[in-house]
Amino acid sequence: MINLKDIVQKLGLKVVTGDIDREVSAGYASDLLSDVIANAQKDNIWITLQTHVNIVAVANLQELAGIILVNGRQPEKATLQKAEQENIPLLLTELPTFEIVGKLYELGIHGNRG
Amino acid sequence: MKLLEIKELLEAEVVSGEDNLDMEVNLGCAADLMSDILAYGKPDSILLTGLMNLQVINTANISDIKAICFVRGKKPDENIIKAARNNNLIVLLTNLPMFETCGRLYKKGLKGLGYLGLDM
Amino acid sequence: MDNIRKTTKIQELTYELKIKDVMSKNVETVSSKMPVSSLRDILYKKRISGIPIVNDDKLVGIISIEDFITCLEHGEMDALIEDKMTKNIQSLYADELLVHAVIKFEKYGFGRFPVISRKDKKLVGIITKSDIIKGVLKKLETAYLDEEERRYRASHIFNDVVADELFFKFQYFVEGKNFDKAGEAATGLKKTLYRLGLSPEIVRRTAISTYEAEINIVAFTKGGQIIAYLEPHQIKIVITDKGPGIPDIKKAMKPGFSTAPGWVRELGFGAGMGLPNIKKFADKMTLRSKVEKGTHLEIIIKLSDYRKED
């Protein structure tokens, strides 16, 4: 387990919403919501380029530790409001998925097992 | 990084382009949305995706990308393999999730595109 | 915009070329059992600054002109090379990417690195900074000639035809909602333009813009058509559909804005990047739309002497 606060600090992520003092179990990278619903696990940090409001509902449903939006993409207004309401950490990076995942991996965060 | 090395790192199966595993790629490009690949993919990238349909082959083709690795244990149907072979694409399949795939390749030195920012 | 991401052509080439492509292959070598004085002729006549020391095909050290001068100053011309050479050598493999050599030169500040084969570790060449520069320049020159050749071929089509107004027209019909066929128009156009000899970069930009437009027709409309006009100085692509039209074009152009239904998103599109992508790759784009009637999109890609800043 690694604290989200440490990740934010080490990777220079921009925090838009949510309380980042929480533990991260593993990472999940996907842009397909149905896939995240099927395969992401509790306390995963989710990396995606989707900015649609539905990502908050998915994160909530799966009890994810937070969402990192890649490529410098900004959340839509509705997404922002909903994330604030649900206290889901919404984080931004200008790096693409491949690299932000690589950097998370180097911090010791891996994909889900099996 | 040679595709052969990528195949081994990802414990991947090759379904198209078996004879071209000597080819080198310099960049990793990971997304399930093809517009992202179209926007940023470079000809020397390997396209990593969990999307499995003909549009992935079209996207690689249109962006001059030669190598694709499908992640999350997705299996292509005959049409997809045929299209990949017709277009001389190299196609790998791995059971690993996207996160683990990117992590392993990055750790071994495959590069990404760097800071993109909002350029649109 | 995104300056950091941009790599120069030269940087790209250091990833394309291998060390064996630029290294000098005819390497003068000397055995370690020879006296330092035996180096004089080689260093002087061949005007080289460093010599690999090889015993029985195996690289055991390297000696530089600086080492030679030091021996000269100290009157040690009779000393054996093996006592004066650098033994802890840094070498490179012939099949490594050129960028690795660049990194090593920066890291160690040496003037040269011996190059060995990965298989049997035998010395196969030597590489200096000037080898790298010469190799890259040579490659740049051939890339430039290839580009010239393509340009010639593309303009050639038009040179052979005499007319007051001239264009080639390629027309494609696109079905709405049929994702199995999506991409056929764009890949068809790509193949056609490439065969006609247009530069790969122009073909790629045209294909990407057309593909995104095609996906839009499939995902959102009742069907439409794509007509590409290859003209002497540009490609014009006109995309029209039968509706439902876009109510707010300004909003539709905003990156990330999308009205795509879930099924489109699950197919890998519909994240609000299509129109921004077209704008990014086109030299000019014009979008007009009437709700319920349909949408008219025009894309211009200029052919030559013009590089779009992206």
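The model is predicted, and local features are reported only at pLDDT of at least 70 and side-chain atom pairs only at pLDDT 80 or more, while totals for chains, interfaces and linings use all residues. Residues are numbered from 1 along each chain as its sequence is written, chains are lettered from A and ligands numbered from 1 in the order in which they are written, and side-chain values use heavy atoms, with hydrogens and water left out.

**The sheet of chain A**

Helices (H or I, at least four residues) and strands (E, at least two) are taken as DSSP runs, numbered from the N terminus. In chain A, 5 strands form an open sheet with mixed pairing, in the order β2-β7-β6-β5-β4, where two strands pair if DSSP finds at least two bridges between them. The edge strands are β2 (14–17) and β4 (26–29) of chain A, each of which pairs on one side only. Neighbouring strands of this sheet are turned by 25° against each other on average, direction ignored. In general, strands of a sheet pair through backbone hydrogen bonds, either parallel or antiparallel. In chain A, β4 and β5 (residues 44–48) run parallel and are joined by 4 bridges, and A:Tyr28 stands opposite A:Trp46 in β5(A).

Contact here means heavy atoms within 4.5 Å. Helix α3 (residues 54–61) of chain A lies across β5, β6 (66–69) and β7 (90–92), at about 145° to β6(A), and helix α4 (residues 77–86) of chain A lies across β2 and β7, at about 80° to β2(A).

| Chains | Buried area | Share from carbon and sulfur atoms |
|---|---|---|
| chain C and chain B | about 2,700 Å² | 57% |
| chain A and chain B | about 2,500 Å² | 67% |

Between chain C and chain B, 34 residues of chain C are in contact with 30 residues of chain B. A salt bridge (a side-chain nitrogen of Lys or Arg within 4 Å of a carboxyl oxygen of Asp or Glu) joins the side chains of C:Lys190 and B:Asp64, at 2.5 Å from N to O. On the side of chain C that touches chain B, α9(C) gives the most, with 7 residues.

**Backbone details in chain C**

Most residues other than glycine have a negative phi, and most peptide bonds are trans. The peptide bond from C:Gly243 to C:Pro244, however, is cis, with omega near 25°, and C:Pro244 is placed in the loop between β8 (234–241) and α10 (249–252) of chain C. C:Asp56, a residue other than glycine, has a positive phi, near 50°, and lies in the loop between β1 (50–55) and β2 (58–64) of chain C.

How values were computed: Axes are lines fitted to C-alpha atoms, for helices over the stretch in contact, and angles run from 0 to 180 degrees between N-to-C directions. Buried area is the accessible area (1.4 Å probe) that two parts lose on being put together, summed over both.
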